[in-house]
Amino acid sequence: MKRFLILGHKAAIDPSFTLNDLPGAAGRLDVLCRALGATLFLSHGIRRDVETHLLLQNQIRIRVSGQYVKRLNPDERSTAAIVKHALVALEEGKTRSTPGVEIERCDLSQVVDEFIRVGASPIVLHEEGVPAADFIFPSDPAFILSDHMEFSETDQRVLAELPRLSLGARALHTSQAITIAHYLLDQQDEEDAELDADLVLVHKVWGDPKALMITSLLEDFDIPVVRMAQSPPGIFPMVVDGMAEVRIMVRSRDASKAQQIIADYFEEPTDE
Ligand SMILES: C[S@@+](CC[C@H](N)C(=O)[O-])C[C@H]1O[C@@H](n2cnc3c(N)ncnc32)[C@H](O)[C@@H]1O
């Protein structure tokens with residue numbers, strides 16, 4: 001799952017705003033709607049593995065689930081109408097409005113805590129962060145972006161300890177930064193899929209500690225490794241720490257080099 005949290009510092013929290021003036025009376029809701037579109041839209045579809053959170057004035061969070069959302073269109077006006085419906089629902093004491101859209105009162109620290117609780121890894125998108133080339137993307141990222149304004153002092157206090165990713169020194173629009181983040185994640189997904197399709201077995205060991213030592217050694221030689229654990233047939237129906245046979249898998253083009261390294265540093269590899 002990929003998550004995006006966009007902080008709308010001035011965005012309307014009263015549903016009486018007019019859809020005819022999103023940049024003005026609705027507090028730059030156009031920026032949030034464009035950003036929401038960038039998180040969820042493909043050319044002819046929706047990214048179903050994305051969840052987008054809009055935090056309005058650090059008070060109200062609207063969560064849009066790519067898996068369940070319906071009637072989301074690429075124009076900002078209809079997205080703003082979804083926001084408006086959600087705010088009306090909140091006033092009526094409901095937490096759900098249109099399909100895939102939930103709303104509740106909470107602040108930034110609560111959203112960040114929730115991300116961590118569900119196993120997501122919050123990452124602040126910021127011009128002054130770690131360059132993308134040096135950044136190791138976690139499997140369940142939750143990107144946090146500001147709208148047209150700088151992160152406020154309150155935001156910065158909450159976000160101070162989180163990793164920061166930079167997409168270059170130039171300040172981009174929120175929606176542009178999201179598109180680039182998606183590009184980087186898509187690239188990584190493609191590399192992972194390529195790796196999965198091309199894996200060969202180079203060695204089998206018993207127990208994870210030894211498998212981890214071999215993995216870190218191979219990674220020192222720039223050989224990506226996938227470990228697959230298999231429990232002994234007939235004894236336990238599941239993988240049990242320390243009991244599992246662990247298969248060391250690498251890309252076919254790295255196989256002979258990996259086997260040579262394992263032989264030099266550990267033992268003759270067994271791949272049967
Ligand atoms: C329009 S920018 C915010 C204001 C901006 N700092 C400025 O000077 O105008 C919107 C948001 O997009 C993200 N962003 C923009 N440029 C970025 C970059 N080069 N690297 C990473 N994130 C960026 C950040 O989250 C930023 O808060």
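1. Helix H5 lies across strands S1, S7 and S8 in this predicted model, and its direction makes an angle of about 160° with that of S8. H5, which spans residues 174-197, is also one of the elements that give two or more residues to the shell around the ligand, a topic taken up again in point 4.

2. Seven strands form an open sheet here, and reading across it the order is S6-S5-S4-S1-S8-S7-S9, with mixed pairing. At its edges stand S6 and strand S9 (164-166), each of which pairs on one side only. Neighbouring strands of this sheet are turned against each other by 30° on average, if direction is ignored. Within the sheet, S1 and S8 run parallel and are joined by 5 bridges; as an example that can be looked up in the structure, Phe4 has Phe143 in S8 as its bridge partner.

3. Helix H2 (residues 76-91) packs on this sheet as well, where it touches S5 and S6 and makes an angle of about 50° with the direction of S6. The helix has 16 residues and reaches 23 Å from its first C-alpha to its last, which is close to the 22 Å expected at 1.5 Å a residue. Which residues of H2 are buried? They are Glu76, Thr79, Ala80, Ile82, Val83, Lys84, Ala86 and Leu87, and the elements that cover them include helix H1 (29-40), strand S5 (60-65) and strand S6 (101-105). After H2 comes Gly93, whose phi is positive, near 80°.

4. The ligand is surrounded by 16 residues, and the closest are Leu125, Leu145, Ser146, Leu167 and Leu172. Two or more residues of this shell come from each of strand S7 (121-131), strand S8 (141-146) and helix H5, and S7 gives the most, with 3 residues. Sorted by class, the shell holds 6 nonpolar, 7 polar and 3 charged residues.

5. Asp14 is found in the loop between strand S1 (2-8) and H1. Is Asp14 buried or exposed? It counts as exposed, because it has 10 C-beta neighbours inside 10 Å, and a residue with 12 or fewer is placed in that class. Although Asp14 and Glu91 are 77 residues apart along the chain, their C-alpha atoms are separated by 9.0 Å.

6. A further open sheet is formed by 3 strands in the order S10-S12-S11, with antiparallel pairing. Why is one side of S10 and of S11 left without a neighbour in the sheet? Strand S10 (199-206) and strand S11 (226-230) stand at the edges and each has a single partner strand, so one side of each has no neighbour there. From one strand to the next, the twist averages 30°.

7. Helix H7 (residues 255-265) lies across S10 and S12, and it runs at about 20° to S10.

Technical notes. Residues numbered from 1 in each chain as written. Predicted model: local features only at pLDDT ≥ 70, side-chain atom pairs only at ≥ 80, totals over all residues. Near = placed C-beta within 6 Å. Helix = DSSP H or I, 4+ residues; strand = E, 2+ residues; numbered from the N terminus. Nonpolar A, V, L, I, M, F, W, Y, C, P; charged D, E, K, R; others polar. Pairing = 2+ DSSP bridges. Axes fitted to C-alpha atoms, helices over the stretch in contact; angles between N-to-C directions. Contact = placed C-beta atoms within 7 Å. Expected span 1.5 Å × (residues − 1). Buried ≥ 20, exposed ≤ 12 C-beta atoms within 10 Å, placed from the backbone.
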